[in-house]
Amino acid sequence: MNLQSPDINRMKQDLAALVAINTENPPGREREAAELISVWLKEAGFDLTLSEYEPGRTNVIARLENGVGPCFAFNTHIDVVPAGSGWSQDPFTLTERDGKLFGRGSCDAKGPLVAMIEAMRMLAADSDSWSGTLMGIFVADEEVASEGAKFYVREAPAKIDYAVIGEPTSNTTYSAHKGSLRPLVRVHGVTAHSGTPELGENAIFRAAQLLGLVEQQHEHSVRCRCHPLVGSASLTVTRISGGHADNVLPDSCDLLLDRRMVPGEDEEQVKQELRDLLALAHEKFGVRSEIITFKPTTGGATETAVDEAIVQAGLEACRAQGLEEPGPFGFQGGCDLVHFRSLGTKGIVIGPGSLSVAHKPDEFVPLDEFIAAGDIYRTVALKMMTRG
């Protein structure tokens with residue numbers, strides 16, 4: 001099999017073009033980038049659909065049917081986190097120095113996206129080597145609540161057998177990730193003049209009593225739930241808000257809890273455990289509280305078994321690029337793999353760049369990893385769809 005190599009100059013030009021389009025989330029505004037991606041893939045021979053779940057919040061769905069065989073999809077996200085301050089150059093101008101490509105989204109996840117597009121081009125040009133259906137599903141909103149992936153899965157227009165999710169993994173194979181729940185808890189009190197606090201009930205004091213139980217729950221129960229790839233589950237508080245005047249006892253205090261789940265935990269059971277914790281606070285201290293809502297997150301935890309063919313294909317492809325420890329590993333955070341898994345899809349996560357620089361000023365992707373990712377993605381697809 002005489003395979004072509006990734007076009008390095010084209011990949012750098014494509015990444016520069018995508019980085020230049022501001023898709024900070026919030027608010028997202030993925031439409032312009034989605035239209036550019038669709039042009040590239042249409043030129044490569046794919047059928048294209050642009051799908052919006054809200055105005056401007058746009059998914060790209062590319063499809064190339066090439067005979068009988070499995071459906072294989074590449075997926076990553078178009079949105080990026082806000083650039084923020086502290087950059088040594090314009091975050092929306094791709095800058096190359098010291099073998100690195102700098103820019104917001106260069107590794108999370110426009111770098112993986114461009115490498116996937118290059119792999120799709122190479123596969124389309126070498127259609128005699130594989131059989132099946134090749135898809136690219138590039139979605140909006142992964143950074144906030146994965147609404148793009150959730151919308152795609154709800155529509156579920158076609159069965160997908162295998163998927164590779166593009167996230168920065170330093171080109172190693174990840175087969176599991178954590179999930180998250182974020183309950184917004186309101187602790188109730190009774191308002192009173194701050195000069196006569198005995199006439200009221202301070203919701204912030206009550207919240208402190210609840211937080212003590214939250215800490216104990218984490219230390220003695222939640223953190224003991226471990227997974228070999230993603231580590232321990234966790235429960236903590238990330239936001240607190242209470243009071244409305246300097247001289248008034250607060251009659252409410254809101255707490256945002258963050259519960260990270262590991263594969264194997266049941267989301268409904270975890271929700272019940274959180275409700276039980278509030279009931280315990282009432283029983284022990286008289287704390288009156290309720291879960292107002294569960295804020296949207298990227299979703300639950302998931303894993304693909306290590307002995308699945310897609311995981312082994314990922315490991316082999318990464319190893320072929322000279323990686324001595326190709327995985328499998330597990331994400332501490334979440335990603336869109338869980339939503340594809342809900343369709344019965346077997347999937348893995350691979351991508352150039354490191355999470356250690358994602359979401360930070362001067363985010364970058366190493367040029368060698370960026371180019372190698374195109375080969376890795378193409379190789380995994382070929383292993384899953386090779387003729388005969």
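Strand β12 and strand β13 (residues 252-261) run antiparallel and are joined by eight bridges; two strands count as paired if DSSP finds at least two bridges between them. Strands (E, at least two residues) and helices (H or I, at least four) are DSSP runs, numbered from the N terminus. The model is predicted: local features need pLDDT of at least 70, side-chain atom pairs count only at pLDDT 80 or more, and totals for chains, interfaces and linings use all residues. Residues are numbered from 1 along each chain as its sequence is written, and side-chain values use heavy atoms, with hydrogens and water left out.

**Four-stranded sheet**
- The open sheet has the order β12-β13-β9-β14, with antiparallel pairing.
- β12 (234-242) and β14 (288-295) each have a single partner strand, so one side of each lacks a neighbour in the sheet.
- On average, neighbouring strands here are turned by 25 degrees against each other, direction ignored; axes are lines fitted to C-alpha atoms, for helices over the stretch in contact, and angles run from 0 to 180 degrees between N-to-C directions.
- Opposite valine 237 stands leucine 257 of β13.
- Helix α5 (residues 203-220) lies across β9 (179-188), β12, β13 and β14, at about 10 degrees to β13; contact means heavy atoms within 4.5 Å.
- Helix α6 (residues 267-285) also lies across β9, β12, β13 and β14, and runs at about 155 degrees to β14.

**Three-stranded sheet**
- Three strands form an open antiparallel sheet in the order β4-β5-β18, with β4 (95-97) and β18 (364-366) as its edge strands.
- Strand β5 (residues 100-102) is joined to β18 by three bridges, and phenylalanine 102 has phenylalanine 364 as its bridge partner.
- Helix α9 (residues 367-385) packs on this sheet and touches β4, β5 and β18, its direction making about 70 degrees with that of β18.

**Aromatic rings**
- The whole structure holds seven aromatic pairs; rings of Phe, Tyr and Trp (its six-membered ring) pair if their centres lie within 6.5 Å, with planes under 30 degrees apart counted as stacked, over 60 as edge-to-face and the rest as tilted.
- Phenylalanine 72 and phenylalanine 74 form an edge-to-face pair, 5.1 Å centre to centre with 80 degrees between the planes.
- Ring pairs link Phe72, Phe74 and Tyr377 into a cluster.

**Charges over rings**
- The charged end of lysine 100 sits over the ring of phenylalanine 364, 4.5 Å from its centre; the criterion is NZ of Lys or CZ of Arg within 6 Å of the ring centre and within 35 degrees of the ring normal.
- Lysine 271 lies over the face of phenylalanine 294, 4.8 Å from the ring centre.
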